[in-house]
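This briefing goes through one protein model topic by topic. Please look over the sequence and the structure before reading on.

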Amino acid sequence: MATPSLYRRYRPRRFSELRGQEHVVKALRDAVASGREGQAYLFSGPRGTGKTTSARILAKVLNCARPVDGEPCCECESCLAVERGTSYDVHELDAASNNKVEHMRDLIEKASLGTPGRHKVYILDEVHMLTPAAEAALLKTLEEPPPHVVFVLATTDPQKVRDTIRSRTQHLRFHLLPPDELAAHARWVAQDAGLDVDEAAIAAAVAQGGGSARDTLSALELIASTGGVTDDALSFDELVEALIERDPGRALTAVAHAVNAGHEPRPLAEAFVRHLRNGFLSLMAPELVQLPSAQVDALAAQAQRLGPAALVRAIERLGEILVELRHAPDPRVLVEVALVQLTSPATGGATTDDVAPLAARLAALEQTVASLQAAGATPRPVDPATGRAALGGRARRAAGNDTASTPRPAAPAAPAATPPAAAEPPAPSAPAPPAPPPASRDLRAEWDQVRPALRGIAKPLFAATEVERVSSDTIVLVAPNAAHAAKCQEFLADVRTTWRTVTGHDATVEVIARETPAAPSPAADPEPIEDIDLDELVDAPPGSMPSAIERLAEAFPGSQLIERRD
Ligand SMILES: [Zn+2]
């Protein structure tokens with residue numbers, strides 16, 4: 001390699017240069033300055049957050065000829081040797097590939113041969129990957145460590161490190177960096193390195209870096225070397241729109257654009273999954289999204305339109321092919337097939353039946369026609385049975401069954417279950433946006449503002465509801481099932497408060513359960529996929545059901561919440 005990568009060039013040389021890990025820095029500097037460094041540390045945290053770098057700085061300062069305040073001088077022979085990687089005092093072992101007991105025995109043997117007056121630092125990366133026998137050997141050494149030996153065990157997964165080992169270490173946790181801090185860092189590095197990049201490039205690098213300084217600088221370098229930001233964001237918007245619109249052609253066009261622009265299918269798919277996952281998180285837990293807040297809001301709006309269930313489905317399906325992509329002779333085809341499955345109406349990405357997609361497409365067309373008819377029909381605010389004005393929400397409770405075009409005696413109190421409706425032409429049973437109450441507010445429009453503003457669990461809960469009907473001051477939402485509706489009831493006070501905050505006036509919000517999953521006509525349920533599993537995602541009592549995050553993790557074997565780039 002001709003020039004060292006940005007990350008290597010700008011790797012922190014002193015504790016004070018380490019970004020975003022102040023608590024770790026303080027603990028280590030204080031310990032070193034007072035000569036009370038520990039003999040075994042466990043550094044845990046996502047990759048690229050400075051674990052190994054910190055271990056090297058620790059090794060430097062412990063052997064530095066002229067340390068100052070717990071910092072290495074970075075000028076003496078010892079410091080320079082550590083930086084060059086030629087020091088005999090620092091030993092790094094990647095436990096992922098050297099995980100056998102003989103590797104550990106070898107290391108322990110070396111550790112016991114101390115050089116007087118020197119500190120030997122053993123850095124064991126990915127220590128959770130050790131075999132049980134190797135762990136046992138390490139444990140024995142940690143119980144009686146040779147003098148002047150410091151073990152730094154690094155791991156991205158501290159839960160997998162045996163308790164007996166953990167308990168013999170000082171555990172320091174490294175954190176992902178907040179986007180704004182990473183952006184500042186990237187900006188500084190770009191300027192110092194004389195890179196010709198703009199703010200869009202910085203933002204893209206931060207987004208791709210996912211909270212890791214190393215990954216951010218790698219992304220920045222790539223962007224700079226390819227002459228600026230690629231149209232990643234654009235193509236994802238296009239892809240998401242294609243998912244929302246269920247438009248396979250649009251999806252394939254977006255892929256073609258991206259591939260023509262030089263994106264490899266696999267990184268493209270990975271980045272798209274990341275994008276979707278961020279979208280999912282922006283609905284469920286916005287604080288976890290590693291993006292500037294303005295971008296999170298835009299992402300949430302997009303994710304809202306696609307819907308949590310469709311998001312999860314897309315993440316799962318694309319997650320499946322990510323594994324296959326490693327060995328696929330033509331990865332692009334796999335990506336395209338997955339996208340076609342995901343965009344084909346109502347196939348759910350699961351069928352290979354030739355007829356099913358056609359049938360689904362037909363159903364979607366019928367649905368469109370139905371909703372157009374419903375919109376054009378402008379149901380009158382009169383009771384068709386009496387010809388008199390229908391008052392309030394309750395009077396129109398039967399609107400779902402009753403339409404202006406098929407007058408019937410006024411309205412039973414609850415919609416009758418009509419299983420055959422699904423097979424009927426959709427037009428007569430279109431639920432229809434009821435006519436807005438004369439000269440009054442548009443509660444639907446207000447709800448569109450209120451819903452994204454909901455916080456916490458209320459947000460996903462209500463995201464899964466649909467507007468059943470509105471009247472002058474009441475909006476009735478329908479939940480996928482009774483349990484979901486009951487759960488929503490608990491948050492009605494929150495919703496009312498948010499409503500007042502957002503719109504400046506009050507509204508009555510009611511939540512009812514869908515009678516049966518099949519009861520409403522196709523047109524009443526434009527996104528049937530929506531009621532699949534959302535309440536499972538949010539309703540489960542802690543512990544008994546996997547959390548949304550756990551489900552995501554499950555969808556990607558071996559994954560963690562951290563962005564991972566090769
Ligand atoms: Zn030094």
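A charge sits over a ring if NZ of Lys or CZ of Arg is within 6 Å of the ring centre and within 35 degrees of the ring normal. Arg214 meets this description with Tyr7: its charged end sits over the Tyr7 ring, 5.7 Å from the centre. The model is predicted. Its protein chain has 566 residues, of which 47% are buried, and its secondary structure comes to 24 helices and eight strands.

**Overall contacts**

- Among contacts in the protein chain with a separation of 6 or more, 72% are between residues 24 or more positions apart.

**Aromatic pairs**

- Seven aromatic pairs are found in a search of the whole structure.
- One of them is formed by Trp447 and Trp499, whose rings are stacked, with 5.9 Å centre to centre and 10° between the planes.
- This pair links distant parts of the chain, since Trp447 belongs to helix α19 (residues 443-453) and Trp499 to helix α22 (residues 492-503), 52 residues apart.
- Trp447 is buried because its relative accessible area is 1%, under the 20% cut-off.
- Trp499 is also buried, at 0% relative accessibility.
- Tyr41, Phe43 and Phe174 are joined into a cluster by ring pairs.

**Zinc site**

- The zinc ion has four protein donors, the SG atoms of Cys64, Cys73, Cys76 and Cys79, at 2.2 to 2.4 Å.
- The spacing of these donor residues in sequence is C-x8-C-x2-C-x2-C.
- Angles subtended by the four donor atoms around the zinc ion run from 98 to 121°, so the arrangement is tetrahedral; the criterion is that all angles lie between 85 and 135 degrees.
- For comparison, the ideal angle for four tetrahedral donors at a metal is 109.5 degrees.
- Cys73 has a relative accessible area of 11% and is therefore buried.
- Cys79 is buried as well, with a relative accessible area of 0%.

**Helix α3**

- Helix α3 covers residues 51-63, which makes 13 residues.
- From its first C-alpha to its last, α3 reaches 19 Å, close to the 18 Å expected at 1.5 Å a residue.
- Twelve of the 13 residues of α3 are buried, so the helix is largely enclosed by the rest of the structure.
- The buried residues of α3 include Lys51, Lys60 and Asn63, along with Ala55, Ile57, Leu58, Val61 and Leu62.

**Residues with positive phi**

- Asp69 is not a glycine, yet it has a positive phi of about 50°.
- Asp69 is located in the loop between α3 and α4 (77-84).
- With 57% relative accessibility, Asp69 is exposed, because the cut-off for that class is over 50%.
- Arg246, likewise not a glycine, has a positive phi of about 55°.
- The loop between α11 (232-245) and α12 (248-260) holds Arg246.
- Arg246 has a relative accessible area of 26% and is partly exposed.

- Arg118 is found in the loop between α5 (101-112) and β3 (120-125).
- The relative accessibility of Arg118 is 26%, so this residue counts as partly exposed.
- Beyond its neighbours within four places in sequence, Arg118 is in contact with Asn63, Ser78, Asp89 and His148.
- Arg118 and Leu62 are 56 residues apart in sequence, while their C-alpha atoms are 8.0 Å apart in space; Leu62 is one of the buried residues of α3.
- Ser87 is in the loop between α4 and β2 (90-94).
- Ser87 is buried because its relative accessibility is 13%, under the 20% limit.
- Not counting residues up to four places away in sequence, Ser87 touches Ala81 and Val82.

Terms used
Residues numbered from 1 in each chain as written. Predicted model: local features only at pLDDT ≥ 70, side-chain atom pairs only at ≥ 80, totals over all residues. Heavy atoms only, no water. Phe/Tyr/Trp six-rings, centres within 6.5 Å; stacked < 30°, edge-to-face > 60°. Helix = DSSP H or I, 4+ residues; strand = E, 2+ residues; numbered from the N terminus. Buried < 20%, exposed > 50% of the residue type's maximum accessible area, 1.4 Å probe, protein only. Donors = N, O, S within 2.8 Å, 3.2 Å for Na, K, Ca; no water. Tetrahedral: all angles 85-135°; square planar, octahedral: opposite > 155°, others 65-115°. Expected span 1.5 Å × (residues − 1). Contact = heavy atoms within 4.5 Å.
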